[in-house]
Amino acid sequence: MYYGEIKKTDIANGIGVRVSLFVSGCTRHCKNCFNPQTWAFDYGRPFTEETEEELLQALTPAYISGLTVLGGEPFEPANQKALLPFLRRVRGRFPQKSIWCYTGCTLETELLTGSHHGEETQEILSLLDVLVDGPFVEGLKDIRLRFRGSSNQRLIDMPRTREAGAVVLWDE
């Protein structure tokens, strides 16, 4: 897996001050995507053990609320294989910090079953606190929305969703 950028103090992609990892690779190609350079799977730098350590160190300060993973598309099958072991490490080392993930996929139709469901998917979903799902749709763009670009996108409270067995939207 490659990544395009790491932000060590990001306040735009989740609650609090976060560390954000922008993975590379996306086959969706949403019209007017805010990060089209990350569509290429080889954009940026390789995601290595050194990259993981850099991210874990960036997550250490008490003022960091958690990790956000976006892209590109974190749920591309090749990206899932690299992200799962890393997310396990994050959850193990920082159980009190939240993990958010942005995807152009829809939870019910592409992640639980369908095109982006693979052997790693369920466990990745089990490690997330908030999943922001759905493709960016230019016609539904709304700059007043918090933590998303278009009104079709949902902020899903993953622990409550797992408990309820149905989608529960995140409510700050």
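Trainee: At what angle do α1 and α2 pack?
Mentor: About 25°, with their axes 11 Å apart. Keep in mind that this is a predicted model.
Trainee: Are they roughly parallel or roughly antiparallel?
Mentor: Roughly parallel, because angles under 35 degrees count as that. The crossing of α1 past α2 is right-handed.
Trainee: Which residues meet there?
Mentor: From α1, they are Glu 52, Glu 53, Leu 55, Leu 56, Gln 57 and Leu 59. From α2, they are Phe 86, Arg 89, Val 90 and Arg 93.

Trainee: Stay on α1. Which of its residues are buried?
Mentor: Thr 51, Glu 52, Leu 55, Leu 56, Ala 58 and Leu 59. Seen down the axis of α1, they fall within an arc of 160°, so they line one face of the helix.
Trainee: Why would residues spaced along a helix end up on one side?
Mentor: An α-helix has 3.6 residues a turn, so residues three or four places apart point the same way.
Trainee: What does the buried side of α1 pack against?
Mentor: Its buried residues pack against strands β1, β2, β3 and β4, and against α2.
Trainee: And what's on the face turned away?
Mentor: Exposed residues: Glu 49, Glu 50 and Gln 57.

Trainee: Switching to α2. Is Gln 80 buried or exposed?
Mentor: Buried, because its relative accessible area is 1% and the cut-off is under 20%. Gln 80 sits in helix α2, which spans residues 77-93.
Trainee: Which side chain does Gln 80 have a polar contact with?
Mentor: That of Thr 121, at 2.6 Å. Gln 80 also touches other residues, including Pro 74, Phe 75, His 116 and Ile 124.

Trainee: Now the backbone. What should I look for?
Mentor: Exceptions. Most residues other than glycine have a negative phi, and most peptide bonds are trans.
Trainee: Which peptide bond is cis?
Mentor: The one joining Gly 71 and Gly 72, with omega at about 25°. Gly 72 is in the loop between β4 and α2.
Trainee: What about phi at His 29?
Mentor: Positive, about 55°, although His 29 is not a glycine. His 29 is in the loop between β2 and β3. At 41% relative accessibility, it is partly exposed.
Trainee: And Phe 147, what is its phi?
Mentor: Also positive, about 65°. Phe 147 lies in the loop between β6 and β7.
Trainee: Buried or exposed?
Mentor: Phe 147 is buried, with a relative accessible area of 9%.

Notes
Residues numbered from 1 in each chain as written. Predicted model: local features only at pLDDT ≥ 70, side-chain atom pairs only at ≥ 80, totals over all residues. Heavy atoms only, no water. Helix = DSSP H or I, 4+ residues; strand = E, 2+ residues; numbered from the N terminus. Buried < 20%, exposed > 50% of the residue type's maximum accessible area, 1.4 Å probe, protein only. Polar contact = N/O pair within 3.5 Å; in protein donor to acceptor, adjacent residues only side chain to side chain. Contact = heavy atoms within 4.5 Å. Arc of directions from axis to C-beta. Axes fitted to C-alpha atoms, helices over the stretch in contact; angles between N-to-C directions. Parallel < 35°, antiparallel > 145°, perpendicular 65-115°, else oblique. Left-handed = near helix turned anticlockwise from the far one by under 90°.
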